[in-house]
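The sequence and the structure come first.

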Amino acid sequence: MFIVPEKEIAGLITADDAFDAVEAVFAAMAAGKAYNFPVVREAIGHEDALYGFKGGFDRAGMALGLKAGGYWPNNLEKHQVINHQSSVFLFDPDTGRVSAMVGGNLLTALRTAAASSVSIKHLAREDARVLGMVGAGHQSAFQLRAAAKQRDFKKVVGWNYHPEMLPNLAKVADEVGLPFEAVSLEELGAQADVIITITSAFSPSLMDVHVKPGTHLACMGTDTKGKQEVEAALLARATVFTDEVAQSTSIGEAQHAVVAGLLSEGDITQIGAVINGTHPGRTSADQITLFDGTGVGLQDLAVAAAAVQLARARGVAIEVEV
Ligand code: NAD
């Protein structure tokens, strides 16, 4: 098997590589060639940690495996390592033998940013010029960098629950050559043509009334039962897309609209159907499109497989006998 350590990932895989891998696996999912296994997520009763597995099999890309990991809230303070920890394990689909272990921390950020980017490519208006960011934590930088490539954006507007974190986002906007303005949620909704929400909130910040017609939203923060970033009524007004419908209605942003009876499973479309051309996606300039990005195991396998390929080609994969 090959080991690709976390420290090698940054030098191996670019945001563009991650985009291609994620777009391809979303397409395979909608074509019925790839499927995710049920997610396991457990509070292990030690260090307040949440630990679990996300896995699947992609018959098109021949990627089989899982991401194991979770969230250790005390890591940074006690052990000076980041709170989110994960590793990806890949298996040979022909034999079941383990084929690779890959550091999954940076890959998680890259594949999550790639997912919202894929949604912007396929669903945002071509003339989108203002990017709105709700959230300014670890993931937001990756989200902003990746989104900036998808349209000819002229400006970034940002809001965060903890305003003192916004300068981090301003730095990233500067890095990609875009002016940044810290704004109220009202102003953000009035200006933005594309909005990414990437917070760990358990109650909505962005309300239906904030969002203007024609906006594309990528709601990326809600990946657990109970979390919520936008008002449920917004999902009722929008055309809703997702990575995986079962996750969208159970652990994604759509869970609240479904419980409130404003949305049902049948109203939600896999983004892969738009990529494959079996769903038209956006059909008018006034339509609000909303991508509920819940994060699926197949995304992790896709970017990990790409990282292994690159690592082997460049001689940085460590080969061990198992
Ligand atoms: P982080 O801890 O670095 O940042 C958290 C962000 O949420 C900050 O902007 C913070 O100000 C904001 N926030 C905290 N409490 C809030 C509240 N009550 N109301 C509004 N905003 C609030 O976290 P991160 O690593 O940037 O991750 C953000 C979210 O994305 C988390 O919920 C994480 O689980 C989720 N996530 C999703 C995927 C996916 O595939 N969909 C992948 C990775 C992370």
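K78 and E47 form a salt bridge through their side chains, with an N to O distance of 2.9 Å; the term stands for a side-chain nitrogen of Lys or Arg within 4 Å of a carboxyl oxygen of Asp or Glu. The two residues are 31 residues apart, K78 in helix α3 (residues 75-79) and E47 in the loop between β3 (40-43) and β4 (50-58). Helices here are DSSP runs of H or I with at least four residues, strands are runs of E with at least two, and both are numbered from the N terminus. E47 has 23% relative accessibility and therefore counts as partly exposed. On this scale, buried means under 20% relative accessible area, exposed means over 50%, and partly exposed lies in between, with a 1.4 Å probe and protein chains only.

The model is predicted: local features need pLDDT of at least 70, side-chain atom pairs count only at pLDDT 80 or more, and totals for chains, interfaces and linings use all residues. Residues are numbered from 1 along each chain as its sequence is written, and side-chain values use heavy atoms, with hydrogens and water left out.

By the distance rule there are 15 salt bridges. Three of them are listed here.

| Salt bridge | Closest N and O atoms |
|---|---|
| D300 and K67 | 3.1 Å |
| D152 and K154 | 3.2 Å |

In the pair of D152 and K154, D152 is partly exposed at 43% relative accessibility, and K154 is partly exposed at 48%. Salt bridges with shared partners also join R125, D127, D193 and K212 into one network.

Helix α12 (residues 297-313) also packs against helix α2 (residues 15-30): their axes come within 9 Å and cross at roughly 135 degrees. Axes are lines fitted to C-alpha atoms over the stretch in contact, and angles run from 0 to 180 degrees between N-to-C directions. The two helices are therefore oblique to each other, the class left over after roughly parallel (under 35 degrees), roughly antiparallel (over 145) and roughly perpendicular (65 to 115).

On the α2 side, the contact (heavy atoms within 4.5 Å) is made by D17, A18, A21, V22, V25, F26 and M29, and on the α12 side by L298, Q299, A302, V303 and L310. These residues divide into 10 nonpolar, one polar and one charged.

Methods:
Ala, Val, Leu, Ile, Met, Phe, Trp, Tyr, Cys and Pro count as nonpolar, Asp, Glu, Lys and Arg as charged, and the others, Gly among them, as polar.
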